[in-house]
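Please look over the charged pairs and the surface of this protein.

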Amino acid sequence: MWQILVCESEQRVVTGGADGKLLIWDELMQKLQEIDLTTLKFGTPGTERALMRPDVRSLDFDAKSKTILVGTRGSEVVEVSLVGEAGARLVAGHFSLGAKSELWGVACHPEQAYFATCGADRRIRVWGPTAQQ
């Protein structure tokens with residue numbers, strides 16, 4: 001297990017690890033749901049592809065939209081609803097190609113539709129609703 005996220009307002013705990021699975025737990029630590037990121041496909045029909053490296057590296061919760069942002073080892077950010085529905089891949093491999101391409105952190109803005117990422121390239125990036133800012 002790499003990450004533990006407590007969603008206090010929803011009385012949920014989310015865990016994720018190297019196996020690419022998110023587990024959603026209730027306040028008594030009873031498992032409610034498992035989301036396997038290794039099985040998710042993104043893109044338009046005919047050009048769909050899986051996540052590059054779905055190991056969970058970072059989690060954050062957007063209380064406004066009740067979604068979880070998942071940062072992966074492959075430098076991708078995926079949005080998942082708290083009820084376990086896979087949403088969109090928001091960022092795909094935003095680091096330069098090469099050895100330093102891991103995403104280490106993701107954080108939601110508390111009130112606006114922005115999020116930040118950081119990683120092995122030692123940079124912090126802020127992303128808006130349509131693109132990197």
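Lys 21, Lys 31 and Glu 34 are joined in a network of salt bridges, a salt bridge being a side-chain nitrogen of Lys or Arg within 4 Å of a carboxyl oxygen of Asp or Glu. The model is a predicted one, in which local features need pLDDT of at least 70 and side-chain atom pairs count only at pLDDT 80 or more, while totals for chains, interfaces and linings use all residues. Residues are numbered from 1 along each chain as its sequence is written, and side-chain values use heavy atoms, with hydrogens and water left out.

Side chains of opposite charge can pair when their charged atoms come close. A search of the whole structure finds 5 salt bridges, including those in the table.

| Salt bridge | N to O distance |
|---|---|
| Lys 66 and Glu 10 | 2.7 Å |
| Glu 34 and Lys 21 | 3.6 Å |
| Asp 55 and Arg 73 | 3.7 Å |

Glu 34 is partly exposed, with a relative accessible area of 39%, and Lys 21 is partly exposed at 27%, where buried means under 20% relative accessible area, exposed over 50%, and partly exposed in between (1.4 Å probe, protein chains only).

The side chains of Lys 66 and Glu 10 meet at 2.7 Å, N to O. Lys 66 lies in the loop between strand S7 (56–62) and strand S8 (67–72), whereas Glu 10 lies in the loop between S1 and strand S2 (12–16), and the two are 56 residues apart. Lys 66 counts as partly exposed because its relative accessibility is 38%.

Turning to the surface, Met 1, Ile 4 and Val 6 form a nonpolar patch with about 360 Å² of accessible area together. Patches are made of residues with over 30% relative accessible area and no salt bridge, like charges being joined within 9 Å and nonpolar side chains (Val, Leu, Ile, Met, Phe, Trp, Tyr) within 5 Å; accessible areas come from the Shrake-Rupley method with a 1.4 Å probe, and for residues only the protein chains shown count as cover. Ile 4 lies in strand S1 (residues 3–7) and counts as exposed because its relative accessibility is 58%.

Notes
Helices (H or I, at least four residues) and strands (E, at least two) are DSSP runs, numbered from the N terminus.
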